[in-house]
Amino acid sequence: MDFDALLLTFFGTTELESLGDEAIEEGRSRIGIAFGTEADAGRRFALWALLHGLGDAPDPARAFKDPRERSAAEAYARAVDRVDRAEGG
């Protein structure tokens with residue numbers, strides 16, 4: 001899934017900084033619903049990664065029943081955490 005396409009779909013813009021708190025929360029809610037109803041593993045992972053970037057992703061142990069998907073989500077979260085720490089965030 002294309003990141004900009006996801007942002008446009010759920011927020012109506014690729015410029016999240018231009019949105020107010022209410023619009024961000026509404027977009028997060030729409031992503032959460034899509035994540036909960038998506039059957040395709042790749043699309044689910046993309047939605048989860050977007051939620052993770054927004055600070056609203058469910059724990060991988062709850063979000064993914066398949067051990068490989070869970071492991072991939074955990075590895076992704078660790079990698080993002082390492083980058084954040086390296087950048088001082």
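Q: Which residues in α3 meet which residues in α5?

A: This is a predicted model, in which local features need pLDDT of at least 70 and side-chain atom pairs pLDDT 80 or more, while totals for chains, interfaces and linings use all residues. Residues are numbered from 1 along each chain as its sequence is written, and side-chain values use heavy atoms, without hydrogens and water. A41, F45, W48, A49 and H52 of α3 meet E69, A72, A73, Y76, A77 and V80 of α5, where contact means heavy atoms within 4.5 Å and helices are DSSP runs (H or I, at least four residues) numbered from the N terminus.

Q: How do the axes of α3 and α5 cross?

A: Two packed helices are described by the angle and the distance between their axes. Here the axes of α3 and α5 (residues 67-86) come within 11 Å and cross at roughly 30°, the axes being lines fitted to C-alpha atoms over the stretch in contact, with angles from 0 to 180 degrees between N-to-C directions. The two helices are therefore roughly parallel, a label for angles under 35 degrees.

Q: Is A73 buried or exposed?

A: A73, in helix α5, counts as buried because its relative accessibility is 0%, the cut-offs being under 20% for buried and over 50% for exposed, with partly exposed in between (1.4 Å probe, protein chains only). Not counting residues up to four places away in sequence, A73 touches F45, W48, P60 and F64.

Q: Which residues does I31 contact?

A: Leaving aside neighbours within four places in sequence, I31 is in contact with F10, F11, L47, L50, L51 and L54.

Methods: Parallel < 35°, antiparallel > 145°, perpendicular 65-115°, else oblique.
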